[in-house]
Every structure is written in C-alpha cells, then in structure tokens.
Amino acid sequence: MTGTPPTPELSPEVASLPAPAAGRGGAFAALLVVVLAASLLMGAVLALPGLRGDPYTRTTLALSGSVENGGRLFRLNCAGCHGLAAQGLVGPNLHGVDRRKNDRQLIQQVVSGRTPPMPRFQPEPQAMADLLAFLHSLP
Ligand code: HEC
C-alpha cells in the first residue's frame, strides 16, 4: 500500500459555511432598506411643516389682518422694545422688515421666543394676522 491517505471529503458543514455569510448579507441589506425608509419618512415629516406650514401659521395666513388693530397691538406689546414708530430701540428698526423676512418667518419671530430678549408671544391667529398687516404697512 503506497501513496497518501485519501483526502477526506469536505464535510457538508464546512461546505455550507458561506451560506450564513450570505444570510448576514441579506439581513444587512434588509436593515439598510429599513434605515433608508425610516430616514425618508423622517425627512418627509420634518420637511412637511416647512412646506405647508403648521396649523397656526396656515390659519393666520388665511385671515386678512387689520392694520389699525395691528398698530394697537404693536403699541401695547412691541413698542417698548421696537419704538412707538417701530424705529428701533432695544429691538431693531422694523421698517422694511417684510423685505428681510417672509410672513412665515415673521410669525416665527413673534411666536417662537428663539431670539431673546424678545419674548415668546402667543397671539390669537387674528391678532397675529393684524400684527402682520401692521408690519407690512411700515414703509
Ligand atoms: C423685550 C423686547 C422686545 C419685545 C417686547 C418685542 N421684541 Fe421684537 N425683537 C427684539 C429683539 C432684541 C430683536 C432682535 C432679535 C435677534 O434677531 O437677535 C427683535 C426682533 C424682531 C423682529 C425681526 C427683526 C429683523 O430685522 O429681522 C421682528 C419682526 C419683531 N422683533 C417683531 C416684534 C413684534 C411684532 C413684537 C410684539 C408682538 C415684538 N417684536 C416685541 C426685542 C423685542
């Protein structure tokens, strides 16, 4: 008897080793799909308010404002900082502010409280529409 002993056949277990790896690849691909779908959904949810506006902003923008009442509200709530003629005091001069900021940004400025010391106001939509009309009336 000469020669080398026969090479043992690969056991089925060893031969099938790559299979679990492919399985992991599949799981990874599935996870990727889930993550992508989730981020798309998040993007849509985050972008929607910016596109369509939150309910408060939409309601406010659908109303037509009174410059006269807006002026009254301004003198009561805003003139202390922005000046009786909106000429600027602690807060900036607001003449031509509607050329720097659009209506959504103006509403955010008033209701968000994001730029202290300007406080966060919570006017009814009609009062906010009146304030907007007043701001637009400033030359
Ligand atoms: C306590 C002082 C204060 C009061 C009261 C106040 N503001 Fe302001 N406001 C500020 C200050 C300060 C800024 C500048 C904020 C910044 O951008 O850092 C500002 C900024 C603004 C801006 C943006 C100006 C620009 O050039 O972009 C608008 C519009 C505005 N205020 C409107 C109002 C209105 C309307 C009211 C009343 C409902 C009001 N503010 C009440 C202090 C005040």
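## Ligand shell and helix packing

The residues of the shell around the ligand comprise 13 nonpolar, six polar and two charged; Ala, Val, Leu, Ile, Met, Phe, Trp, Tyr, Cys and Pro count as nonpolar, Asp, Glu, Lys and Arg as charged, and the others, Gly among them, as polar. The model is predicted: local features need pLDDT of at least 70, side-chain atom pairs count only at pLDDT 80 or more, and totals for chains, interfaces and linings use all residues. Residues are numbered from 1 along each chain as its sequence is written.

The ligand is surrounded by 21 residues, and the closest are Cys-78, Cys-81, Gly-91, Thr-115 and Met-118. A residue is near a molecule if its C-beta atom, placed from the backbone, lies within 6 Å of it. Helix 5 (79-82), helix 6 and helix 7 are the elements that give two or more residues to this shell.

The chain has eight helices and zero strands. Helices (H or I, at least four residues) and strands (E, at least two) are DSSP runs, numbered from the N terminus. Of the 139 residues, 14% count as buried. A residue is buried if 20 or more other C-beta atoms lie within 10 Å of its own, exposed if 12 or fewer, and partly exposed in between, with C-beta atoms placed from the backbone.

Leu-106, Ile-107 and Val-110 are buried in helix 7 (residues 103-112). Seen down the axis of helix 7, its buried residues fall within an arc of 100 degrees, so they line one face of the helix; the arc is that of the directions from the helix axis to the C-beta atoms. Just after helix 7, Gly-113 has a positive phi of about 65 degrees.

| Partner of helix 7 | Residues |
|---|---|
| helix 3 | 55-62 |
| helix 6 | 97-100 |
| helix 8 | 125-137 |

The largest nonpolar core has 14 residues, and those with the most contacts inside it include Leu-106, Val-110 and Leu-135. Such a core is a set of buried Ala, Val, Leu, Ile, Met, Phe, Trp, Tyr and Cys residues joined through C-beta atoms within 7 Å. Its largest share, seven residues, comes from helix 8.

Leaving aside neighbours within four places in sequence, Leu-135 is in contact with Leu-94, Val-97, Asp-98 and Leu-106; contact requires C-beta atoms, placed from the backbone, within 7 Å.

Arg-99 is found in helix 6. Arg-99 is exposed, with 7 other C-beta atoms within 10 Å.

Conventions
Two residues are in contact if their C-beta atoms, placed from the backbone, lie within 7 Å.
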